[in-house]
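Hi everyone, thanks for coming. Let me put the sequence and the structure up on the screen, and then we'll walk through it together.

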Amino acid sequence: MMRQMMRRVLTLAFGLVAILFLLRIDVSGYVTNGHTWGTNQVLYYVNPTNIYISNTAAISAFQNGAYPWSSQTLANIQLVYGGTTNGTSLTLNNKNEVFFRNDSSSYVGETYWWYDYTGHLVDADMVLHENWQYYAGSGCTGSGIYVEDVAVHEFGHVLGLGHTGVGGATMYPTMPGACDMTQMTLESDDISGIESLYPPTSVSKNTAPTVSISAPGNGASFANGVTISFAGSASDSQDGNMTSSIAWTSSIDGAIGSGGTISRSLSAGSHVITASARDSGGLTGSTQITVSVAAPVSLTASPDGTVVPTTATQIVDNNGAIWTIGPSYSILRNGASAAGGIGTKIQWQSSTIYVYGTDSNWWQWTGSGWTKGAPPASGGTTGGTTSTTTSADGTTVPTTASQIIDNTGAVWTIGASSIILRNGAPAAGGYGTKIYWKSSTIYVWGTDSNWWQWTGSGWVKGAPPSGGTTGGTTSTTTSADGTTVPTTASQIVDNTGAIWTIGAGSAILRNGVPAGGGYGTKILWQSSTIYVYGTDSNWWQWTGSGWVKGSPTTGGTTGGTTSTTASADGTMVPTTATQIVDNNGAVWTIGASYAILRNGSPAGGGYGTKIYWKTSTIYCYGTDANWYRWTGSSWVNIGPSQP
Ligand SMILES: [Zn+2]
């Protein structure tokens, strides 16, 4: 048998505030109606039909009115939206229904409830009277009422609360005013009331700590090996400040420390860093950032048996030194000549550097110099381009071969700037564009357009007995007026027969040798005069022995590649440009053997593979894998990280 009883609650009044305040003489706390739900989840259904707002807005407003009773309290009760209903009656049907009614009442809203013989609530219905104009969420004007602001009060009744005597509390019987939203925030009196009806259960209401990371910033990147400082904080509603118990982990390195601040380096790669804290109730809070650490500068020794140039362009030995072959077969260690060694091949074998010399012997690096010695056992083959047999009669460099071996075993080649090399070293100052091996004699077609014959120690004029054609690329006739290097020709022949070219580092060459120390990006042959557009952005005129400032009479345009304005910040040679102009107007390039050139001349003995212009400062990436800063006269090592 069930004994059921109905009560009506006179609910939220509006417009009677003054009278009620005058009548009220006591201020007491929350009031309960003596009945609670026998469950911790109370389903309710909404009939959203109304004359003011959309159905969707009405449903959301009622849900927003229900949330505060669980979200702002520790009460062990939850109002759960069950869906819509067509119900419009305040009637006992064991279904909690919420609806509007188009009638007139001095009350904004009312709630009716029923309970069974055990004292537990079994039904509660809520009605909002539409003589009041309703809004949801925003936009309320005039004497309007927010649905959610009424609903939060009425849901208090649904859960078993009566009217409190504490002014300002949500369960106070009158609303503070039109367009009010303050009832959405429960007061301590409301919270005490609901928690007395549905006491909190400590386990279910424990909340996880909140953790934050203040350093480093999310997405930060670091050079390899640097110490990174991590800082964070953690707090917990139940346990308080938990910063000291933060645990730090990296997705790559695992656990990396604990506490509010830690400092350490990380492996190369992209790390997800997690800071977490676990509270006394067993809940863990955490937050994450991503940081990246650059790969280490690789100076791994080359594999055993590596050969330059056959299998690689450089060898890294087990001291990290880089070995290359430079111009004129110079053997370079970190870009600088290695004790004067000249050779056509470098081999890395059994942790030793071997060089096949231009004298056709193998040489072994001692750490400071060279001793004769072939690579052990396998691998030490001369291979490729080097031969120890005398060249065939009539061999011509460069037409039919890249080198000539004479009958003393000497190797003849043409080096940079048309210099004639014998075993890789200049041969008595000869310059020419062709070497010819005929009748056991070395002949060279000189840059002066004469044939010269090697005497064994020097040169005498003398043409080969036959077949010595000048051929190909060399011309003995004076260039046409207006010829420009490099725009219209690769060389200029002046009216003395001298050949003008631009060599490495923009050096101006006359017959292959530097002409009066001139540097420029253009040579112009005009009115029987040689002009050069200097790297200082001035035109210079050849006097026959040196240079004076002077522009060509016509046609002397500076054209294309030379710029007098400082390069853009961040310019990188060779990545984004072929040269950098600093704010002194100096032109920076990378020359042969990675020499760093300033206006075409070696700058402080620097060797590197990159030049970087940043914040009005020149940097170079040295062949030792460190960055260097130009001081104006020399280089300062600033370590492996790019500035
Ligand atoms: Zn009420």
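Let's start with a quick one: which residue with a positive phi follows H4? It's Gly 160, and its phi is near 115 degrees. Before I go on, a word on what you're looking at. This is a predicted model, where local features need pLDDT of at least 70 and side-chain atom pairs count only at pLDDT 80 or more, while totals for chains, interfaces and linings use all residues. Residues are numbered from 1 along each chain as its sequence is written.

Now the overview. The protein chain has six helices and 50 strands. The chain has 643 residues, and 36% of them count as buried. Buried means that 20 or more other C-beta atoms lie within 10 Å of the residue's own; exposed means 12 or fewer, partly exposed is in between, and the C-beta atoms are placed from the backbone. What about contacts? Two residues are in contact if their C-beta atoms, placed from the backbone, lie within 7 Å. Take the contacts between residues at least 6 apart in sequence: 53% of them join residues at least 24 apart.

Back to H4, then. How many of the twelve residues of H4 are buried? Twelve of the twelve, so this helix is largely enclosed by the rest of the structure. The buried residues include Glu 148, Asp 149, His 153 and His 157, along with Val 150 and Phe 155. We can check the length of H4 too. The expected span of a helix is 1.5 Å times one less than its number of residues. For H4 that should come to 16 Å, and its end C-alpha atoms are 16 Å apart, which agrees.

H4 also matters for the next topic, the cores. A nonpolar core here is a set of buried Ala, Val, Leu, Ile, Met, Phe, Trp, Tyr and Cys residues joined through C-beta atoms within 7 Å. The largest one has 44 residues, and those with the most contacts inside it are Phe 62, Trp 69, Val 147, Ala 151 and Phe 155. Several elements give two or more residues to this core, among them helix H2 (55–66), strand E7 (120–129) and H4 (147–158). H4 gives the largest share, six residues. If you click on Val 147, leave out residues up to four places away in sequence, and you'll find that it touches Ala 58, Ala 61, Phe 62, Leu 128, Tyr 134 and Ala 136. Apart from this core lies another, of 23 residues, including Val 573, Ile 580, Cys 620 and Trp 635.

Okay, strands. Please find E25, residues 362–365.

Two strands pair if DSSP finds at least two bridges between them. Three bridges join E25 to E24 (residues 352–357), and the two run antiparallel. Val 355 has Trp 363 as its bridge partner. Three bridges also join E25 to E26 (residues 370–372), again antiparallel, and there Gln 364 is partnered with Thr 371. E25 and E26 form a hairpin with four residues between them, and Gly 367 in the turn has a positive phi of about 110 degrees. In the hairpin of E24 and E25, also with four residues between the strands, Ser 360 takes a positive phi near 65 degrees.

Most residues other than glycine have a negative phi, and most peptide bonds are trans. Now look at Cys 179: its phi is positive, about 55 degrees, although it is not a glycine. Cys 179 sits in the loop between H4 and helix H5 (188–197). Is Cys 179 buried or partly exposed? Partly exposed, because it has 17 C-beta neighbours inside 10 Å. Ser 351 has a positive phi too, about 60 degrees, but with 10 such neighbours inside 10 Å, Ser 351 counts as exposed. And the peptide bond from Ala 215 to Pro 216 is cis, with omega near -5 degrees.
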